[in-house]
Amino acid sequence: MSKRSARAIAPSNIALVKYWGKRDTKLNLPAAGSLSATLSSMYSETEVTFDETLSADQLIINGEAVSGAGLSKAVGLLNDVRRQSGEKHFARVESTNNFPTAAGLASSASGYAALAVAAAAAAGWRASTAQLSALARLGSGSACRSLIGGFAEWQTGSASDGSDSYAIQVAPAEHWPLKMYALVVTEGPKATSSTHGMMHTAASSPYYTAWIDSVARDLNDARAAIASRDFSALSEVAERSCLAMHAAMISARPSLVYWRPQTLAVIEQLKRLRAAGLSFFFTIDAGPHVKVFVPPETDPMVEGKLAELDGVRRVISAVVGPGARVVD
Ligand code: DP6
């Protein structure tokens, strides 16, 4: 009986210059570039086993069998691995996340990155990091950035097959190990998926083109801020990119609002902490939670202060860290 398996771990990532719009929805090719920080301690761990006794691919996330759109994306990715490696069998994929799934905490990014790395390793395909990043992108666009440690930039690319649309490293984690606190304000999954939300924004927001046009400058400014470890410059870019993305969503028709009242209440309270001297920036993805980045030298006591803010249910902390890898 032939069985080949491998296990991989992939961290989550949070975009500082956001991805919100596609030029190709099937291959997840972005309308513009994006730039993120890869986070230790929020990760997916995935085991892929190609097994000749299986009659179809199987996907199990946190102990539950997944069907529908989630399964078909994983199958698409596995098909690509079979095509590139010559592997003939179906696979059983078992994955766990150590943070809330589909709550705007980028579980799809870590999940598909871990799947790409584990599937390639199980099939014996010696893919390059760029190839693995492009493979992870097929599952979820932002997943291509979780392959890379530290700060990653997803290049838009121009090839119609997506072969040049993958993430590269802007700086390693040791260059600037920023700390991140995810302030969780609600539990449970989000109402509108990123995929659907960005298609709806592109189709109906009068601000969509302006949003896409703003990204190139934000990328330049973010790269420069990271190279010189200029925290206030990075803060300005990250907050304006996040707010411009949300402005485009909010102006879609009908309006797409991922924020909850607690989201704004937390931002208001954070501004008071800033006035009192705390150095930080916030960013928000397709969900209600507020992610706060602080410089590496920040007093760890700040976590307690953030946990006490009105509306915060719990805090998940992480540090900028390494990318996806195979584990024993
Ligand atoms: C707001 O990568 O989840 O987090 O490519 O459709 O799977 P799909 O979307 P996804 O979108 C992430 C959107 C974001 C911003 C970002 O991570 O850049």
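Guide: Lys3 touches Thr49, Phe50 and Asp51, leaving aside residues up to four places away in sequence; contact means heavy atoms within 4.5 Å. This is a predicted model, in which local features need pLDDT of at least 70 and side-chain atom pairs count only at pLDDT 80 or more, while totals for chains, interfaces and linings use all residues. Residues are numbered from 1 along each chain as its sequence is written, and side-chain values use heavy atoms, with hydrogens and water left out.

Visitor: Which strand is Lys3 found in?
Guide: Lys3 belongs to strand S1, residues 3-17. Helices (H or I, at least four residues) and strands (E, at least two) are DSSP runs, numbered from the N terminus.

Visitor: And what separates the C-alpha atoms of Lys3 and Phe50?
Guide: A distance of 5.6 Å separates them, although Lys3 and Phe50 are 47 residues apart along the chain.

Visitor: Let us turn to the ligand. How many residues surround it, and which are the closest?
Guide: There are 17 residues around the ligand, and the closest are Tyr19, Lys22, Ser140, Ser142 and Thr195; a residue counts as near if one of its heavy atoms lies within 4 Å.

Visitor: Which helix gives the largest share of that shell?
Guide: Helix H4 (residues 194-204) does, with three residues.

Visitor: What lies 2.6 Å from an oxygen atom of the ligand?
Guide: A polar side-chain atom of Tyr19 lies at that distance from a ligand oxygen. For Thr195, an N or O atom in the side chain is 2.6 Å from an oxygen atom of the ligand. With Gly141, a polar backbone atom is 2.7 Å from a ligand oxygen. A polar contact is a pair of N or O atoms within 3.5 Å; within protein, one must be able to donate a hydrogen and the other to accept it, and residues adjacent in sequence count only if both atoms are side-chain atoms.

Visitor: How much of the ligand does the protein cover?
Guide: The protein covers 93% of the 460 Å² of accessible area that the ligand has on its own, by the Shrake-Rupley method with a 1.4 Å probe; for residues, only the protein chains shown count as cover.

Visitor: What about the classes in the shell around the ligand?
Guide: The shell has six nonpolar, seven polar and four charged residues. Ala, Val, Leu, Ile, Met, Phe, Trp, Tyr, Cys and Pro count as nonpolar, Asp, Glu, Lys and Arg as charged, and the others, Gly among them, as polar.
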